[in-house]
Amino acid sequence: LLQQEELATALDGDRFVLHYQPKVDLETERVIGVEAFLRWHHPEKGLVSAQQFIGLAEETGLIVRLGELALRQACIQVQALERAGFESLKMAVNLSVRQLTDSGFLDMVRQVITETGVSPERLELEMPAELLNEDPRMLRDLLVSLHDLGVCLILDDFGTGSCSLVALQQLPLNVIKIDHRFIRDIPYNVSATDVASAVIALARKLHLTVVAEGVETPQQLSFLKTAGCAQCQGNLFSYPLDEDALIGFLIRQY
Ligand code: G
Ligand code: G
Ligand code: MN
Ligand code: NA
């Protein structure tokens with residue numbers, strides 16, 4: 001069992017890294033960005049995935065420090081990719097509600113952008129769909145401030161939980177991501193294919209870019225292309241890769 005103290009010690013000891021999953025534009029079939037996922041280099045357990053510690057980090061509040069570390073690392077990686085010749089790739093960073101509602105969040109984002117010198121347009125912030133359950137005024141102020149910084153705003157896990165269409169239309173969001181649970185059941189489950197098509201059509205009407213995550217098969221890819229999905233990511237293209245493997249993958253692609 002992973003414990004709070006162990007997590008805090010790992011945070012002090014700089015035991016966390018990011019892995020990056022390529023995201024592909026379906027029209028050009030080229031990599032246009034990556035999504036960063038936290039991983040913990042654990043002394044006994046080896047590489048531990050975020051799924052096994054993000055919940056604990058959220059409950060204990062350690063996610064605030066851990067999230068800052070992830071954002072900084074992601075921005076540093078953008079600069080490294082730029083030096084390696086990949087000058088237009090976007091970097092998506094996952095955020096928890098606990099971080100987004102922290103009073104210091106906006107200043108932290110500003111500070112990290114300034115400190116690392118990253119162009120805000122290269123940065124994409126992924127917000128969980130459950131964020132839309134927060135107080136509407138607070139939410140609007142937060143998203144408008146983030147949007148004003150010039151970063152791209154992604155609504156993650158779309159289709160899970162409830163989401164007001166008014167909010168979807170009125171908040172300064174740029175991208176919605178169809179949750180991998182819908183993609184998983186394409187093309188054999190009619191309700192999953194119906195949901196995916198409907199979300200893609202809705203996103204286009206609202207002038208939002210739509211991304212499908214968790215794409216694993218050529219059948220899913222061809223369904224999503226036909227339905228008009230703009231971007232895809234998933235194990236069909238690549239698992240999340242460490243820094244060196246990502247550069248290798250990109251070099252082979254280009
Ligand atoms: O890739 P993995 O199965 O480990 O991801 C599990 C969950 O952890 C996903 O929901 C993902 O969004 C979340 N996650 C991964 N990295 C981060 C991060 O840097 N910050 C936050 N807040 N969540 C993350
Ligand atoms: O919550 P979020 O959407 O950020 O997390 C996406 C999750 O999906 C992560 O845990 C990531 O590791 C995982 N993932 C990425 N690609 C695939 C895939 O092709 N199939 C499956 N099943 N999961 C994936
Ligand atoms: Mn995500
Ligand atoms: Na998701």
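Guide: Let's start with a term: a nonpolar core is a set of buried Ala, Val, Leu, Ile, Met, Phe, Trp, Tyr and Cys residues joined through C-beta atoms within 7 Å. Buried means that 20 or more other C-beta atoms lie within 10 Å of a residue's own, with C-beta atoms placed from the backbone. This is a predicted model, where local features need pLDDT of at least 70, side-chain atom pairs count only at pLDDT 80 or more, and totals for chains, interfaces and linings use all residues. Residues are numbered from 1 along each chain as its sequence is written, while chains are lettered from A and ligands numbered from 1 in the order in which they are written.

The largest nonpolar core here has 66 residues, and Ala74 and Met91 are among those with the most contacts inside it. Helix α3 supplies the largest share of that core, eight residues. (Helices are DSSP runs of H or I, at least four residues, and strands are E runs of at least two, numbered from the N terminus.) Buried residues of α3 include Ala70, Ala74, Gln77, Val78 and Leu81. In an α-helix, with 3.6 residues a turn, residues three or four places apart point the same way. Met91 touches Ala74, Gln77 and Val78, among others; contact means C-beta atoms within 7 Å.

Now the ligand side: Ile63, Gly67 and Ala70 are among the residues around ligand 1, each shell residue having its C-beta within 6 Å of the molecule. With three residues, α3 gives the most to that shell. Just past the helix, Gly85 has a positive phi of about 100°.

Definitions and conventions:
Buried ≥ 20, exposed ≤ 12 C-beta atoms within 10 Å, placed from the backbone. Contact = placed C-beta atoms within 7 Å.
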